[in-house]
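Please find below my notes on the two-chain model under discussion. They are arranged as numbered points, so that each can be checked against the coordinates.

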Amino acid sequence: MRSFRPGRSRGAATLLAGGLASLFALSGCNDADGSARGGALRVGTLLGESSAAGFLVADTVRPFEFPRDHGAHPRFRQEWWYLTAVLEDAAGGEYGAQFTLFRRAVSADAGDGPWRSAQVYLGHFALTDVEREQHVEAERFVRGHPRLAGVRAAPFAAWIDGWRLASTGAATWPMRLQAPARTFGVDLVLSETRPPVPQGDRGLSAKGPGAASYYYSVPRIAVAGTLRIGDREVEVSGLGWFDREWSTSGLDAEQIGWDWFALQLDDGRSLMLFQIRRRDGARGGYDQGILVSPDGAARTLGGADFALSPERVWRGHAGTQWPVRWRITVGEEVFVVDAAIKDQVMDTSIRYWEGVVRVSDPAARSLGRGYMELTGYTDD
Amino acid sequence: MLSLILGQLRYLARTPGATAASVAATALGTMSVVAVHLLSEDIKAGLDSAGALPIPGYTHVVRGTDLTWDAYFDARDRWREGHVPRVEAMTPLVEGQALVNGRSSRVLGFDMLVAGRFIAPGAFIEDPSTGDSTRMLLGDGVVAAGSLGLAAGETVRAGEVAVDVVAVSADAGNVVFADMPTALRILGRTGPGAILVRDRGGEPAIERWFPGSSAAFDIGTAIELGQGLTAQALDEAEPTRRFALAILFNLGALGALSLFVAAFLIYQASYSNISRRQRERERLAAIGVGPGTLGLLYVAEGALIGFAGAAAGTLLGALLAGYLASMDSFAMNSIAVAKGVLGGVGAGVVGAFLATRRATVMRQSAGPRWVVAALAATLLAAAAMSDTLAAAFALIVASCMLQFAVLMPGVAAVLRRAFTARMGRLNLLARANVRRFALLLGEVDIAASALSIAIAAAIGMGVQIENFRADFYSMLDQRLWRALYIESERPVDVDWLESLPGVTDARSYGRAEALLNGRPVAVTLGTGDVLESRRYGYGAALEGDVLLSEAGALEYGLEVGEGIEVEGARGARRATIAHVFSDYGAPSPRIVGTFTDLAQILDGIAFERTSVLTAGEDTAALQRAIGERYPDAHVRDQSELRALAEKAFDRTFEVAESLNLIALIVAIAGLYNALSALVLRARDDHRLLYAAGVSRVSITALAVQQNLLIGAVAAAAAVPLGLVIAYVLCAEVNPRAFGWSISFGIDVAAVLTPTLLGIVAALLAGLVPTWRGIKALGGAPEHALL
């Protein structure tokens, strides 16, 4: 789902096009870890809208092949590896971790040397400490280069400038995420407990007229390891969610952003939903979801199968209004999704909200936890 | 309390001339501090964009001919793993010369993505919308300096590569910026030449407040990147930059001097005011106002004058900086404002505090002078025992203190005695003149001392600047000969070069490593003829002897004439040090010798470059001919680089001269103030003479003579102090701060100009008070009184 940049002012720009281009336009935002970079997104000024010519397009259903599809698909223009996890320490302290590796091809040509790569990578890494109401994030941006960034299918490895998510052995799973940043970091081992689940129509996820991506998820990944924020280092464990998506197309001009939820319910079910918001406020017919039962059986949800309504808005930096509490109705079931802490804004060159949420029923009984992503709410 | 404050303000309003002079002096002092600061920032920005590494924001560099990609990536990994927390950003850098569109240009390549800030709008791409980063990433797009005369969209040849100019940068001189792979192709390199690093702490705070000081005090510390890689502060690593910072540092000192003089003047003015208000003080004491409150009031008065002067001076400083630097826009920043306000108010407070102490506590005793003299002597003794930069400055401060405490009062006393001894033989007019002069010297001693110190400082700085200028051109001769330079891995046929039309001289250089008396030394090999020796300040050909760098002489304790042993891989040879040359801050010891003498004992001699002197200005045809015969060679014309350097430094020298003038104007304002304060006392003398039948013209002439004499005394006393200051600056401050001594020579114009200006200044400063005094004499002479 996340391949589409909301681009309220620009429409069809993709997230990656926007992100990567804005990094060119920003000053000094790359190598520093930390937050408060301003996130002013100026799209396409320098990098430009690279043509889709020469790239493959996601337009037909195709079976996923593993481990090949864990690797990169450089013939598609953009792609990402997206991991979120809700974690707990021994004392019950709640944490969130997000690691994302975006790939963007600036040309369909392969490039002719380690430095002359057509692939550029953007890495986002964030931690949330719910108890201390702390959210920290870092960003890295480099070209595809054996020593800087890249992705290998088998044994799996995705790395960017010191951050690395890689298989610990010959098999894809378990994986290990090692992400040191200046003031925080993680060292986590991830074990698959459910097989990958294709999203959309057998993995082909339609996003708009003539636009689609290949999309699969790995829900309920068992996560354990160490997390560091400042001087504190804690042992944590919990559940993670791994998303993989690649495509060439982008949002159309009327699509301004999306709201995405990946919820891991206490009863063993997993629920993923997203809606793409249109400029005119109407539903566009491309909202989707999936409900995975404890035995791994998945039910695809169309827009007509669920409803999302924001219940509370939090005014963040620069007056941006983020809907941090939602009511989600799926059939007869109602879920109330509430941000564990309000300020989980990714204050990176692309500004969006991504963080830990708690799930409850309307009577405030806890049903589970998960991650929520809100894009397209900022004007910059 | 309010009535006391209002009383103070009323007093200031009643004495507008003195108040205005104090404010003006502070304003001028502040102006010079603010102007110097803004100009220094402008010059530093210029260094960043047109200097050795015109890439803004980076603070440190690792250089090494053996630097590998593995070394870079390992260093990067260590940083990213958190082992080098001081580092905020890192990029590899490759640099070299190449012919771009037939013109010798500097090519800088870096990792465009990790150094994203380099192409931020305003950094060096004028209009980002004209750029095409994709072409820089995947094609052979470059950003070209405006001075290269290329236009965005052009395709030109850079080295052997056809490159697209995607944008033009206004700032950088003769530089072509490219993404790493493009730069590697243009330069025909495979490895990184350097690693640039940004210190998280940025520039040291002291450097932001006092430009040039970090280089002077070695504050920019190196960053250890691990595995033997050390990132040196750019100010350390770049001799040209270090040279420029040395000038900025000296300019800063000069700017501060104006403020120092202003403080003196406020002191003088406050003292005069307070002395004049003795009756008022007694009345206030009678109604219970304590000395502490009184002192506070006078200090507040000084602070008020300081603040008013600072406000005006800060604004004037920005205007002056804009004028001197030909800035298009009005430049100002918080540090400049803070320096101006703190400096102005500080000068006011300190001046008033000292004056209050003198007027209310010390009561004219000779005590303070002896205290100052004793302090100066102690300072001198301490400074003599230390070889630190602070000690070198202490020498200057102590000399100024002695001028104030001993020399000027001493001169005044001697003159008084000399005149008094001849008093009996003088007529009334002459006696009055002598009496008045002696009185003046006694009363305006502080102002005269300030004038003297201002003149001395102007002499000192002027002489230093002239020597600096001479050394700068020597450095250019040594480093930037107006010549074509050929860099090639294989030797170039010098005879062939000399046969080409327009070539007047061609010579090759080599370099190697050796041991000098068992310790490491870099060796530069050349022909050693007179032409070459002169570049190092030595007037004869090398015949078996060598030239040694100043760093080598200092580090190994060697002197001219000493015998040394140069040991190479293939043998050793005895040689004599013919001359010690300045290497302008280069830290490593170096000797310059001849191929004939040393090549046989050295192994691994690297062919460094060949210089080609030409008769004409246009070297394009010659460059083409060399390029055709030696396609691997890089040919660069240093004339343009030299012209740029000369332009930048000439501007700096002009700034220094302007500041010298400001320091003198401050002193004039102070003297005016002091003489104004004495008008009332002079009036009695003048009335007496007027009553005795002396005409106004004669009285005016007397007053002018007295003022001239004061100026002459101050100026005469200033000359030796000025020369001492110049010597200490050249021979002590600069070597301690920057690693090379400025050759000391006395430039007559640099001495005479401030001296004469000082005398004229004293005359001018006295004209208005004298005119006011004479005007107040009334109508016809009152002969009846006699």
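1. Conventions. Residues are numbered from 1 along each chain as its sequence is written, while chains are lettered from A and ligands numbered from 1 in the order in which they are written. This is a predicted model, in which local features need pLDDT of at least 70 and side-chain atom pairs count only at pLDDT 80 or more, whereas totals for chains, interfaces and linings use all residues.

2. Where pLDDT is low, the predicted coordinates should not be read in detail.

3. Composition. Helices (H or I, at least four residues) and strands (E, at least two) are taken as DSSP runs, numbered from the N terminus. On this basis chain A has one helix and 23 strands, and chain B has 25 helices and 19 strands. A residue is called buried if 20 or more other C-beta atoms lie within 10 Å of its own, exposed if 12 or fewer do, and partly exposed in between, with C-beta atoms placed from the backbone. Buried residues account for 56% of the 380 residues in chain A and for 51% of the 786 residues in chain B. Among contacts between residues at least 6 apart in sequence, those joining residues at least 24 apart make up 59% in chain A and 82% in chain B.

4. Nonpolar cores. A nonpolar core is defined as a set of buried Ala, Val, Leu, Ile, Met, Phe, Trp, Tyr and Cys residues joined through C-beta atoms within 7 Å. The largest has 160 residues, and those with the most contacts inside it are Val142(B), Val176(B) and Ile195(B); its largest share, eight residues, comes from strand S2 (residues 87-100) of chain B. Leaving out residues up to four places away in sequence, Val176(B) touches Val100(B), Ser105(B), Val107(B), Val142(B), Ala144(B), Ala145(B) and Ala158(B). A second, separate core of 95 residues includes Ala336(B), Ala405(B), Ile759(B) and Ala761(B).

5. Strand pairing in chain B. Two strands are said to pair if DSSP finds at least two bridges between them. Strand S16 (residues 571-581) of chain B pairs in the parallel sense with strand S14 (residues 546-549) of chain B over four bridges, and Val546(B) has Ile577(B) as its bridge partner. With strand S15 (residues 563-568) of chain B, S16(B) pairs in the antiparallel sense over six bridges, and Gly563(B) stands opposite Thr576(B). S15(B) and S16(B) form a hairpin, with two residues between them.

6. A one-sided helix. In helix H21 (residues 620-629) of chain B, the buried residues are Leu622(B), Gln623(B) and Ile626(B). Seen down the axis of H21(B), these buried residues fall within an arc of 100 degrees, so they line one face of the helix; the arc is that of the directions from the helix axis to the C-beta atoms. The face of H21(B) turned away from the buried side carries the exposed residues Ala620(B) and Glu628(B).

7. Cis peptide bonds in chain A. Phe66(A) and Pro67(A) are joined by a cis peptide bond with omega about 10 degrees, and Pro67(A) is found in the loop between helix H1 (15-25) and strand S1 (78-89) of chain A. Another cis peptide bond, with omega about 0 degrees, joins Trp173(A) and Pro174(A), where Pro174(A) is found in the loop between strand S7 (163-167) and strand S8 (175-180) of chain A. Ser191(A), in strand S9 (residues 184-191) of chain A, is in contact with Trp173(A), Pro174(A), Ile221(A) and Ala222(A), leaving aside neighbours within four places in sequence.

8. Positive phi in chain A. Glu133(A), a residue other than glycine, has a positive phi near 50 degrees; Glu133(A) counts as exposed, with 12 C-beta neighbours inside 10 Å. Arg220(A) likewise has a positive phi near 50 degrees, but this residue lies in strand S12 (residues 211-229) of chain A and is buried, with 20 other C-beta atoms within 10 Å.

Key: Contact = placed C-beta atoms within 7 Å.
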